[in-house]
Amino acid sequence: MHELPITESILKIVLKHAETNNVRQVMSIHLQIGKLSDLEDEWIQRYFDYLSKGTVAEGAKLKIERMPIMVQCNACSTSYKAEVPKLGDLTCPSCGQKDSTFLSGREYYIKDMEVQ
Amino acid sequence: MGEVRLIEVKEEILADNIKVAAEVRERLRKTKTMLLNLMSSPGSGKTSLILQTVANLKDSLRLSVIEADIDSTVDAEKVAARGIPAIQLRTGGFCHLDATMVTQGIDALAVNDLDLVIIENVGNLVCPAEFDTGAHKNVMILSVPEGDDKPLKYPLMFSICDLLLVNKIDYLSLSDFDMPALRKRVLALNPRIIILEVSCKTGSGIEDWINWLKKEVNAFKRMK
């Protein structure tokens with residue numbers, strides 16, 4: 001539901017980098033988004049297509065890399081990946097303990113972009 | 001067509017909001033005004049909790065409320081009727097408050113003379129979790145009729161909060177809500193979270209909430 005303000009921020013950052021690098025056309029943008037985020041890839045692209053009309057980023061393809069949710073076992077410190085539906089009931093693959101601490105999976109990051 | 005180049009961007013998409021949120025936190029740290037962001041689904045009892053809180057604390061703390069609503073002033077009117085300054089922010093269709101909107105609310109309040117500002121965020125368990133408002137404490141309400149499975153559906157919200165209020169416990173006997181299962185799910189996401197069971201209707205558990213809030217405001221005031 002909050003894809004629109006997120007997409008506005010993406011476009012603003014992309015256009016800033018496009019200007020400082022004398023870009024004529026942005027071909028693609030590589031995003032890294034944590035799996036804990038509820039963003040819908042399709043809607044980010046649709047909003048982007050709409051907002052970027054008339055800019056050098058018009059027509060750019062958003063390549064969204066979903067970053068895994070990582071947690072750390074509170075007993076043995078092993079880090080392991082978790083999926084959203086399992087988050088309430090995690091078991092450490094190494095020692096079998098259930099208590100864990102969230103490490104990452106909330107990323108909202110623009111890594112790079114392909115331009116001409 | 002020219003050659004394709006790769007530009008390293010390496011920027012946080014929400015960098016602007018993160019920066020404004022940090023400014024809000026710092027500004028209120030100087031005035032010793034604790035900012036508390038209250039989040040929940042629609043109808044789980046945010047406004048009722050705020051009214052209970054106002055009734056309990058208005059003689060001992062100087063507090064004010066920033067209400068966020070997509071397009072109404074109903075909540076601010078209810079709070080203002082209790083003699084507490086309230087600012088209504090209309091988000092104009094946005095599903096959450098961001099730090100810039102909160103700044104507008106704070107600008108409209110005399111924060112120098114306040115101990116506590118409570119933000120009543122837009123009723124929604126998804127978007128408000130993603131946007132730092134600049135609050136010093138994040139609190140959420142889950143009401144019994146919503147079900148004990150919500151941590152599985154909205155893990156981010158449960159993972160960012162300092163305190164969870166399970167409201168409407170007067171409905172427990174009528175429902176299959178599994179409190180131990182809820183606690184286990186929430187603590188798996190966020191081992192540091194404090195969970196309190198309350199009913200804004202009967203007043204059960206409200207004292208625990210008020211004590212927690214007083215303790216936090218006092219600790220905040222003592223921080224250098």
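**Figure 1. Burial within chain A of the predicted model.** Of the 116 residues in chain A, 31% are buried in this predicted model. The contacts of chain A between residues at least 6 apart in sequence include 74% that join residues at least 24 apart.

**Figure 2. Overall dimensions of chain A.** The radius of gyration of chain A is 18 Å, whereas a compact globule of 116 residues would have a value near 13 Å. The C-alpha trace of chain A spans about 55 × 25 × 15 Å along its principal axes.

Figure 3. Chain A contains two helices and six strands. Read from the N terminus, the elements of chain A follow the order α-β-α-β-β-β-β-β.

**Figure 4. The open sheet of three strands.** In chain A, three strands form an open sheet in the order E4-E3-E5, and their pairing is antiparallel. Strand E4 (79–82) and strand E5 (100–104) of chain A are the edge strands, each of which pairs on one side only. On average, neighbouring strands of this sheet are turned by 40° against each other, direction ignored.

**Figure 5. Pairing of strands E3 and E5.** Strand E3 of chain A comprises residues 69–73 and is joined to E5(A) by four bridges. The two strands, E3 and E5(A), run antiparallel. In this view, Gln72(A) stands opposite Thr101(A), which belongs to E5(A). Within the sheet order E4-E3-E5 of chain A, strand E5 (100–104) is an edge strand.

Technical notes:
Residues are numbered from 1 along each chain as its sequence is written. Chains are lettered from A and ligands numbered from 1 in the order in which they are written. This is a predicted model: local features need pLDDT of at least 70, side-chain atom pairs count only at pLDDT 80 or more; totals for chains, interfaces and linings use all residues. The radius of gyration is taken over C-alpha atoms; the globule rule is 2.2 Å times the number of residues to the power 0.38. A residue is buried if 20 or more other C-beta atoms lie within 10 Å of its own, exposed if 12 or fewer, and partly exposed in between; C-beta atoms are placed from the backbone. Two residues are in contact if their C-beta atoms, placed from the backbone, lie within 7 Å. Two strands pair if DSSP finds at least two bridges between them. Axes are lines fitted to C-alpha atoms, for helices over the stretch in contact, and angles run from 0 to 180 degrees between N-to-C directions.
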